[in-house]
Amino acid sequence: MLKQKDVTGLLDLSAEEIDEILTVGAEMKQLLRKGVKSLPDLKGKAVTTLFYENSTRTRSSFELAAKFMSANVVNIVAASSSVQKGETLVDTGKTLDAMRNDVIVIRHPMGGAPKLLAKTVKAHVINAGDGMNEHPSQALLDMLTMRETFGQIKGLKVAILGDIRHSRVAKSNLFGLRKLGAEVTMYAPKTLMPTGIDKMGAKVCKSREEAVEGADVVMGLRIQLERQHGGLFPSLGEYAKFYGVNEEVMKYAKKTAIVMHPGPVNRGVELTCSLIDGDKSKIEDQVFSGVAVRMALLKLLTMQEAER
Ligand code: CP
């Protein structure tokens, strides 16, 4: 069971809590593998997904996770809601609380929005990605795939390459992986590398090869075209040539290394198509882990009421 009411970031979770989520996520994944898609854990609970940004994987996997555990689910997309009439986030939260929601899953372009909502509502709040801040459930699902592949996170070397500056996935993975004892190396064009990430525990490298040398996991991150305001790199073609991960770069990783990407992928930019579709790729398993880890999060948060 988690101690805090909300999951807004991995910076706020202890190593023990992360480990517990991964253990329950692994159990959920086993049940899903056996075809179990109807569990009673959230019977009588109401879950709302509230998305102010586009999503395929995160929104639909939270919805499936809640439905697989017998919750009632409502999906709100800000673009077609009363947000368009000027309703504030706090007022939207109060409205959802008044409807007796038990859990609100929120994605928002502003870093800190889930924490603001969490302070406002009685419902549990789960951050499904806030601006350039954190995407905790993505990092948890990434860690579940790593743990299942290698048996443990401790001692792994994880290389993260791509648009680290705009990436909430990079930050949540860095916080979670370091807490569980992994080494994290990073490489990006200087314009896409945030200052101070080394002080958060990352080893910032001078080349793709240095970052990937001896890695167990090579993770490409999407170039976030929607958050670029021009001039950060010359073109997608040049990005792929000088900064992307290809078979030559993968020769520096361990023979047993896996390739990961949170998606959506710009094919042939962050990773070559042959790596995305190849034997080392765990991208589809990450999506599978996503449903399981979100089931674990919903279960562990809503258990709090039963334990009181
Ligand atoms: N990885 C991820 O957050 O994907 P979506 O934007 O499709 O949810």
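This is a short walk through a predicted protein model, from the whole chain down to a few single residues.

Hi everyone, two notes before we start. Residues are numbered from 1 along each chain as its sequence is written, and side-chain values use heavy atoms, with hydrogens and water left out. Since the model is predicted, local features need pLDDT of at least 70 and side-chain atom pairs count only at pLDDT 80 or more, while totals for chains, interfaces and linings use all residues.

Let's take the whole chain. The protein chain has 11 helices and nine strands; these are DSSP runs numbered from the N terminus, with helices being H or I of at least four residues and strands E of at least two. Its radius of gyration is 19 Å, close to the 19 Å that the globule rule gives for 308 residues, so the chain is as compact as a globular protein of that length. That radius is taken over C-alpha atoms, and the rule is 2.2 Å times the number of residues to the power 0.38. Along the principal axes, the C-alpha atoms fill a box of roughly 55 × 45 × 35 Å. Buried residues make up 55% of the 308, where buried means under 20% relative accessible area, exposed over 50%, and partly exposed in between (1.4 Å probe, protein chains only).

Strand β4 itself (residues 124–130) is mostly covered, with seven of its seven residues buried.

Between β3 and β4 comes helix α4 (residues 113–120), and the three make a right-handed β-α-β unit. Right-handed means that, with the strands pointing away from the viewer, the path from the first strand over the helix to the second runs clockwise. Contact here means heavy atoms within 4.5 Å, and angles run from 0 to 180 degrees between N-to-C directions of axes fitted to C-alpha atoms, for helices over the stretch in contact.

The other sheet I'd like to show is also open and parallel: five strands, in the order β7-β6-β5-β8-β9. Here β7 (203–204) and β9 (258–260) stand at the edges, each with a single partner strand, so one side of each has no neighbour in the sheet. Four bridges join β5 (residues 157–161) to β8 (residues 217–220), and Ala 159 stands opposite Val 218. Helix α5 (residues 136–150) lies across β5, β8 and β9, at about 170° to β9.

Finally, some loop details. A cis peptide bond joins Gly 263 and Pro 264, with omega about -10°; Pro 264 is in the loop between β9 and α10 (273–276). Ser 70, though not a glycine, has a positive phi of about 75°, in the loop between α2 (57–68) and β2. Is Ser 70 buried or partly exposed? Ser 70 is partly exposed, at 28% relative accessible area. Arg 100 also has a positive phi, about 70°, and counts as exposed at 64%.

Note on methods
Two strands pair if DSSP finds at least two bridges between them.
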